[in-house]
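This report covers a nonpolar core, a group of paired strands and a helix. The sequence and structure come first.

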Amino acid sequence: MAVSAKTSGPDFSKGISEESLKDGESLLGHVGEEPVLLVRQEGQFYAVGAKCSHYGGPLNEGLIVGDTVHCPWHHACFDLKTGEVLKAPALNPIAAWHVEVRDEKIFVVDKKAPVVKPRENTASQKFVIVGGGAAGAAAAVMLRRHGFQGTIQLISEDKSLPYDRPNLSKDFLAGNAPEDWLPLYSEEFYKENKIHVELKVRVEKIDPHRQTLLLSNSKTLKYDRCLIATGGSPVIPPIPGVEKDHVYMLRSLVDCRRIIARTSWASKVVLVGAGFIGLEVAASLRMRNMEVHVIAPEEMPLLKAVGVHVGSFLKKLHEKHGVHFHLGHTVKEIRDRSVVLDEGQTIPCDFVIVGTGIKPNTALAEKAGCKIDHGVLVNEYLETSVPGIFAAGDIARWPDPRSQRPIRVEHWEVAERQGQIAALNMLGDRVRFQDVPFFWTQHYDVTLNYVGFSDRFDRMDVMGDMDKENFAVAYYEDQRIASFLTVGRDKENLLVEEGLAHLDDDKVHEIIRKFEHRFEAR
């Protein structure tokens, strides 16, 4: 069989010397045309697919921890023994092979068959998931992957099957990704896995006493367990003219399609808001050669989120690509072909995109009796205060073991991972949600990875060279490293995530000291 140009390294089916792979090491090779990662860990050999099932990240550049491998791009995690996906944003497993040692040589032989062990006594149970976003879709898939035999109903107000929302402000909006990349799964997948999806339907009421849900189409559903994952809605600022037809929000695929349609003839756009989504949209529309103006009241983009150093870096990056900033200003009025700023300046434009944050959709949970405090309060198992009802995603406010306070995070990956953990707890597994929050944001050819959480950092340590787009920033609360941001340092970001995950401040400090020495040695 001809070897694909995408493969490299030895052909493991022909065997390699046992001495060529030391304990704790991994090696990239292939079996036929499939790239394979061979790992030796504590005397055991594992062979799995070398590409992450999310966006194809190179697992050979990731991090091996015990019998797991973590993707360097977006921190998905897989079981080396089975290839099973353990953590989003990957939702699908990778292939795993049997490994044999003969005559002091390692051979990767046949693929392991995927095994889903049916859960006993679940066939008569009815689980309902409210929300077709990241958390809802991840939960539905996780239930089936862990053997749930009962009924799964996924209720979504969206017009489309669950899709990859981060792409709406990134490659799809920029014109670099076709729309058929967006669906997380096909309609056939849901049918084959008996996940009943109802689109364009709203849950009007949850009655926890009768364990029923009333839908907008007048149907009533019974449930044994319910997951509320209703996400958030865009904040609409009280700006005169914000209701005009040429003013857009970006939250759904429909929103994105409308914006793309507008770019077919428009040449000038004003973005209200300089958060991560707003800046990603700015980058994507510059890729379409549009004139882009960004208006925000802050003196620097993302000042409260990532501080002055990263804010300045992003501002310079966007200015280098032609974005015009109007910082320290608000919009006084939106007119048909322009916006007027607070100090009277008029900026001509063909349309306006408002990105001033989202508010969690907690009304349904509140009416069901769930405790609300800046989100839906959940415990470490993502259970609400109402028995049988769980919450995940943008609405969930959970006890974070690192910051030792309840937090709510509006990140895609956090929502997916919470959906996965909520699914396990709906099955009765009692798994604590202790994942370290992570997100990535893409601007042109630059990706920033951020791990941890801090909304009150009091100190920043900057390492590396921002001008060379190779740097890291550690954010402190008191003496504790609360979060860590990197550009061009994916492996280091993974290492810090691992240290934060184990609540090991000494380990995190040691890792960062090593980074500082490496940067100083360059």
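Leaving aside neighbours within four places in sequence, Ile206 is in contact (heavy atoms within 4.5 Å) with Thr212, Leu213, Tyr223, Cys226, Ile228, Leu364, Ala368 and Ile389. Another core lies apart from it, with 48 residues that include Leu271, Phe276, Phe313 and Leu448. A nonpolar core is a set of buried Ala, Val, Leu, Ile, Met, Phe, Trp, Tyr and Cys residues joined through side-chain atoms within 4.5 Å. Buried means under 20% relative accessible area, with a 1.4 Å probe and protein chains only. In the largest nonpolar core, of 61 residues, Ile206, Leu213 and Ile389 touch the most other members.

The model is predicted: local features need pLDDT of at least 70 and side-chain atom pairs pLDDT 80 or more, while totals for chains, interfaces and linings use all residues. Residues are numbered from 1 along each chain as its sequence is written, and side-chain values use heavy atoms, without hydrogens and water.

Strands are DSSP runs (E, at least two residues), as are helices (H or I, at least four), numbered from the N terminus. Two strands pair if DSSP finds at least two bridges between them. Strand S4 (residues 44–49) is largely enclosed by the rest of the structure, because 5 of its 6 residues are buried.

| Strand paired with S4 | Bridges | Direction |
|---|---|---|
| S3 (residues 34–41) | 6 bridges | antiparallel |
| S9 (residues 96–102) | 2 bridges | antiparallel |

Arg40 has Phe45 of S4 as its bridge partner, and Val48 has Ala96 of S9. In the hairpin of S3 and S4, with 2 residues between the strands, Glu42 has a positive phi near 50°.

After helix H9 comes Leu503, with a positive phi near 55°.

Terms used: Buried < 20%, exposed > 50% of the residue type's maximum accessible area, 1.4 Å probe, protein only.
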